[in-house]
Amino acid sequence: MNNDLENLYRQVIMDHYKNPRNKGLKGYPHIHLKNPSCGDDITIEADISEGIVKEVRHEGKGCSICCSSASVLTEVVKGKSVEEAKEMVEAYFKMMRGEGSSDELEEALVYEGVSKFPARIKCATISWKAFERLLNGEKDE
Ligand code: ZN
């Protein structure tokens with residue numbers, strides 16, 4: 001990856017960290033996950049009905065990778081069908097395993113570089129793992 005692209009990716013991540021989109025819970029079904037090694041503590045909630053991801057929101061605290069990736073997640077999956085969203089989750093986890101990226105990930109592509117830092121992969125995937133469980137119909141009480 002060239003330096004210009006890396007700088008652009010870093011800017012997008014910092015923008016989402018400083019100005020998180022869709023932050024604050026509204027009471028939809030949610031999943032709460034923690035990453036003790038980093039102090040990340042995040043709740044993702046989703047309004048999924050008629051097979052469509054209508055809205056996704058997040059709340060919590062953590063490092064810039066964790067908080068920004070939750071914000072990016074809420075934007076890229078909004079309006080997608082459950083099937084499309086599941087494909088995006090798979091593509092994102094694949095990218096984190098260093099197995100290549102796919103344009104369908106849209107803005108979430110900025111996390112591609114994280115796959116080279118095993119200690120940060122948990123930070124970048126925690127919100128996506130919570131969202132995956134919501135897609136599968138799970139939720140915390
Ligand atoms: Zn973290």
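Asn-22 is partly exposed, with a relative accessible area of 21%; buried means under 20% relative accessible area, exposed over 50%, and partly exposed in between, computed with a 1.4 Å probe on protein chains only. Its phi is near 55°, a positive value in a residue other than glycine. Most residues other than glycine have a negative phi. Asn-22 lies in the loop between α1 and β1 (30-35); helices (H or I, at least four residues) and strands (E, at least two) are DSSP runs, numbered from the N terminus.

The model described here is predicted, so that local features need pLDDT of at least 70 and side-chain atom pairs count only at pLDDT 80 or more, whereas totals for chains, interfaces and linings use all residues. Residues are numbered from 1 along each chain as its sequence is written, and side-chain values use heavy atoms, with hydrogens and water left out.

The buried residues of α1 are Tyr-9, Val-12, Ile-13 and His-16. They cover an arc of only 95° around the axis, which puts them on the same side of α1; the arc is that of the directions from the helix axis to the C-beta atoms. An α-helix has 3.6 residues a turn, so residues three or four places apart point the same way. On the other side of α1, Asn-3, Asp-4, Gln-11 and Lys-18 are exposed. The buried residues of α1 pack against α2 (64-76), where contact means heavy atoms within 4.5 Å.

Helix α2 is largely enclosed by the rest of the structure, because 11 of its 13 residues are buried. Among them are Ile-65, Cys-66, Cys-67, Val-72, Leu-73 and Val-76. The cover over the buried residues of α2 includes α1, β2, β3, α3 and α4. The 13 residues of α2 should span 18 Å at 1.5 Å a residue, and the end C-alpha atoms are 18 Å apart, which agrees.

The strands come next. β1 and β2 pair in the antiparallel sense over 6 bridges; two strands pair if DSSP finds at least two bridges between them. These strands form a hairpin with 4 residues between them, and Gly-39 in the turn has a positive phi of about 85°. His-30 stands opposite Glu-45 in β2. Glu-45 in turn stands opposite Arg-57 in β3. Strand β2 is joined to strand β3 (residues 52-61) by 9 bridges, and the two run antiparallel. Thr-43 stands opposite Glu-59 in β3. The hairpin of β2 and β3 has 2 residues between the strands. Glu-50, in the loop between β2 and β3, has a positive phi of about 50° although it is not a glycine. Glu-50 is exposed, with a relative accessible area of 72%.

The zinc ion is coordinated by Cys-38 (SG), Asp-40 (OD), Asp-40 (OD), Cys-63 (SG) and Cys-123 (SG), at 2.1 to 2.7 Å. Asp-40 in strand β2 (residues 40-49) and Cys-123 in helix α4 (residues 118-135) are 83 residues apart, a pair that links distant parts of the chain. Donors are N, O and S atoms within 2.8 Å of the metal (3.2 Å for Na, K and Ca); water is not among the atoms, so sites may look incomplete. In sequence the donor residues are spaced C-x1-D-x22-C-x59-C. Asp-40 is buried, as is Cys-123.

Helix α4 also takes part in an aromatic pair. A search of the whole structure finds 1 such pair. The rings of Tyr-92 and Trp-128 have their centres 4.0 Å apart and their planes at 5°, so the pair is stacked. Tyr-92 in helix α3 (residues 82-96) and Trp-128 in helix α4 are 36 residues apart, and the pair links distant parts of the chain. Rings of Phe, Tyr and Trp (its six-membered ring) pair if their centres lie within 6.5 Å; planes under 30 degrees apart count as stacked, over 60 as edge-to-face and the rest as tilted. Both Tyr-92 and Trp-128 are buried.

Note on methods
Expected span 1.5 Å × (residues − 1).
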